[in-house]
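Me: Can you walk me through this one? I've got it open on my screen.

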Amino acid sequence: VISIDNFYQTDADAESAVTAVYAATQIGFASNNPNVASYNYGPYFAITTWMGDDVWFGGTGTDDCVEQRHMHHFVYDADHRDIEVFYSALYSSILKCNYVINNFTEERLGSLSETQKRCVAEARTMRAFCHLLLGIYWGTPAIVETELDPADRPTNAESQEAVMQWVADECDLAAADLPWRKGTEDKEGTYRVTKGFALALKGKALLWKEDYAGAKAALAEVINSGNYALVPSEKMI
């Protein structure tokens with residue numbers, strides 16, 4: 001174990017810390033149990049798909065796919081595993097983001113390298129992404145910008161609109177230190193945070209806030225960058 005006092009100092013520390021952010025975030029998408037290999041779905045897929053009219057759980061009978069059936073028939077509660085894991089995974093990612101953002105500061109280190117600034121911007125954008133999802137599915141989640149003690153009880157945001165505006169503002173702060181994706185063939189630009197992702201995230205948040213002019217401006221930057229293209233129709237399988 002490395003103490004916080006001896007970490008969050010070098011470029012390697014910054015890269016390692018932001019990698020932990022990505023690892024924490026993927027739990028909500030790739031597994032319904034962060035400790036063991038699980039089924040072929042993740043919590044995000046579950047809560048966005050299982051309640052749809054085009055889903056039908058067959059299995060071997062009513063004793064199979066029980067959790068899925070509970071969501072499909074709208075008889076789930078707050079203890080449903082996938083809902084709990086997704087909610088917890090989002091705040092776990094936010095915690096990792098806060099460690100990066102609040103420890104790589106000029107006040108603590110005197111100055112930041114370009115790598116450290118980029119890593120902070122990646123963490124800031126991922127934190128905004130997690131709050132966006134919390135705002136979409138839980139409405140008025142607590143906006144958490146610091147590490148919490150177990151006894152802390154953060155209060156809910158005043159409104160969903162306030163959450164979305166906070167997300168958009170955070171994306172603006174991050175975008176200045178993020179690189180653009182390097183064209184449509186740039187594979188690295190698809191699996192880590194870039195300026196395009198931050199602007200797209202801002203646009204989506206403003207759409208939810210019904211700030212259509214602001215959303216149009218943010219998304220136009222993404223489109224006009226030339227770094228993204230629509231999937232060709234022959235690949236739409």
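This is a predicted model: local features need pLDDT of at least 70, side-chain atom pairs count only at pLDDT 80 or more; totals for chains, interfaces and linings use all residues.

Me: OK, where does Phe-57 lie?

Reply: You'll find Phe-57 in the loop between α2 (43-49) and α3.

Me: And which residues is Phe-57 in contact with, leaving aside neighbours within four places in sequence?

Reply: Trp-50, Cys-65, Gln-68, Arg-69 and His-72. Take Gln-68: it sits 11 residues from Phe-57 along the chain, and the two C-alpha atoms are separated by 7.3 Å.

Me: Switching to Phe-74. Buried or exposed?

Reply: Exposed, because its relative accessible area is 53% and exposed starts at over 50%. Phe-74 belongs to the loop between α3 (66-72) and α4. Its phi is a positive value, near 55 degrees, in a residue other than glycine.

Me: Why flag that?

Reply: Because most residues other than glycine have a negative phi. Tyr-8 is also not a glycine, and it has a positive phi of about 55 degrees.

Me: Where does Tyr-8 lie?

Reply: In the segment before α1. Tyr-8 is buried, with a relative accessible area of 10%.

Me: Now the aromatics. How many aromatic pairs does the structure hold?

Reply: It holds 12 aromatic pairs. Tyr-8 and Phe-104 make an edge-to-face pair, because their ring planes are at 75 degrees, with the centres 5.8 Å apart. The angle that counts as edge-to-face is over 60 degrees.

Me: Which parts of the chain does that pair link?

Reply: Distant ones: Tyr-8 comes from the segment before α1 (11-30), while Phe-104 is in the loop between α4 (81-103) and α5 (106-109), 96 residues apart. Phe-104 counts as buried too, at 2% relative accessibility.

Me: Which residues form the aromatic cluster?

Reply: Phe-29, Tyr-44, Phe-86, Tyr-87, Tyr-91, Phe-129, Tyr-137, Trp-138 and Phe-197 form one cluster.

Me: How do the lining residues divide into nonpolar, polar and charged?

Reply: Eight are nonpolar, five polar and two charged.

Me: Back to α6. What should its 25 residues span, at 1.5 Å a residue?

Reply: They should span 36 Å, and the end C-alpha atoms are 35 Å apart, so the two agree. The helix α6 is mostly covered, with 20 of its 25 residues buried. Just after α6 comes Gly-139, which takes a positive phi of about 85 degrees.

Me: Last one: what's the place of Asn-98?

Reply: Helix α4. Asn-98 is buried, with a relative accessible area of 1%.

Me: What does Asn-98 touch, not counting residues up to four places away in sequence?

Reply: Asn-98 touches Asn-103, Arg-127, Val-144, Glu-145, Thr-146 and Glu-147. Of those, Arg-127 falls within α6 (114-138).

Terms used:
Residues are numbered from 1 along each chain as its sequence is written. Side-chain values use heavy atoms; hydrogens and water are left out. Rings of Phe, Tyr and Trp (its six-membered ring) pair if their centres lie within 6.5 Å; planes under 30 degrees apart count as stacked, over 60 as edge-to-face and the rest as tilted. Helices (H or I, at least four residues) and strands (E, at least two) are DSSP runs, numbered from the N terminus. Buried means under 20% relative accessible area, exposed over 50%, partly exposed in between (1.4 Å probe, protein chains only). Contact means heavy atoms within 4.5 Å. Ala, Val, Leu, Ile, Met, Phe, Trp, Tyr, Cys and Pro count as nonpolar, Asp, Glu, Lys and Arg as charged, and the others, Gly among them, as polar. The expected span of a helix is 1.5 Å times one less than its number of residues.
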